[in-house]
Amino acid sequence: MSSDGWIKLHRKLLDNPLWKDCNANQKVVMITILLRANHEPKKWVYKGKEYVADSGEFITSLSSLCSLTGLKINIVRNTLDKLEKYQFITKRTTNKNTLIKVVNWELYQKRNNDDNKESNIDNNTDLTSETTRDITKTSQRLNKDPTTNKNDKNYKNNIYSASEKNSSTKTYEVFEKLWSLYPEKKGKNQVSKKSKEAIEKIGIEKMTIALKKYIADVEKQRKEGFKELRYKNGSTWFNSGYEDYLVEEKEEPKKVVKLKYVNTGYL
């Protein structure tokens, strides 16, 4: 595996709640995942069929991660579960391999230069059809690419989100009202203009219902044992997280007009 290249590691990571909640071993796994993720899509052919692992994704295994981190398998497994729970990664596991995707990878690692093109698939990973069958392209796009100067004081990108510069002075009343009610007010500047316009179009009534349903869902899961479950950052929920909680409109049944036969004497 090539060791060339670099990744962005913003100092604001130190202030992130997930980082603070991780112990030393879990932080090792977390950084290792960032280092292993593909910087650009990787294509390969398996049994005559082409597959793609997208940017921010890589195929690995528990044994491979244990070898890279020097940690025991139960520590690595529990850490992956924790990182998935707090939406730092998503993972799909088979009996041999695991496809890991870093959530929001494109938002804080995308850059203009091409000096780090290695694609990472662990050398000791067995590519099986079961694993590759699950791989899909899920790239997230930025309206503007972040700067690559790590020490620029104007560099706004957080390790978990990307700033969106929007010079528009348009007021989004529905969004502002809902934001004031949302319990985890983080990342307001990262809510895209497109998302705000979509929320305005949906309207205050439906969005308020969606917000109440989401809060109730989180509280229910906490009572069922997930006591450490946190609300999503506001930027995450308002960009797309609310969609699962919108009430679907039911189609009104079509009215059936019954014709009454009247014998007029012509038949």
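Which residues touch the most other members of the largest nonpolar core? Ile33, Leu80 and Phe88 do, in a core of 23 residues. This is a predicted model: local features need pLDDT of at least 70, side-chain atom pairs count only at pLDDT 80 or more, and totals for chains, interfaces and linings use all residues. Residues are numbered from 1 along each chain as its sequence is written, and side-chain values use heavy atoms, with hydrogens and water left out.

**View 1. The largest nonpolar core holds 23 residues.** A nonpolar core is a set of buried Ala, Val, Leu, Ile, Met, Phe, Trp, Tyr and Cys residues joined through side-chain atoms within 4.5 Å. Buried means under 20% relative accessible area, with a 1.4 Å probe and protein chains only. Helix H1 (17–21), H2, helix H3 (62–69), helix H4 (73–85) and S5 each give two or more residues to this core. Helices (H or I, at least four residues) and strands (E, at least two) are DSSP runs, numbered from the N terminus. H2 supplies the largest share, 4 residues. Another core, of 19 residues, lies apart; among its members are Tyr172, Tyr182, Tyr214 and Trp237.

**View 2. Three strands form an open antiparallel sheet in the order S3-S5-S4.** Two strands pair if DSSP finds at least two bridges between them. Strand S3 (57–60) and strand S4 (89–93) are the edges, each pairing on one side only. The twist averages 20° from one strand to the next. Axes are lines fitted to C-alpha atoms, for helices over the stretch in contact; angles run from 0 to 180 degrees between N-to-C directions. Helix H2 (residues 24–36) packs on the sheet and touches S3, S4 and S5. Contact means heavy atoms within 4.5 Å. The direction of H2 makes about 90° with that of S5. S4 and strand S5 (residues 98–102) are joined by 5 bridges. Arginine 92 has leucine 99 in S5 as its bridge partner.

**View 3. Phenylalanine 238 pairs with the ring of tryptophan 179 and with that of tyrosine 182.** Rings of Phe, Tyr and Trp (its six-membered ring) pair if their centres lie within 6.5 Å; planes under 30 degrees apart count as stacked, over 60 as edge-to-face and the rest as tilted. With tryptophan 179, the centres are 5.4 Å apart and the planes at 40°, so the pair is tilted. Tryptophan 179 lies in helix H7 (residues 173–181) and phenylalanine 238 in helix H10 (residues 234–239), so this pair ties together parts 59 residues apart in sequence. With tyrosine 182, the planes stand at 65°, so the pair is edge-to-face.

Methods. Buried means under 20% relative accessible area, exposed over 50%, partly exposed in between (1.4 Å probe, protein chains only).
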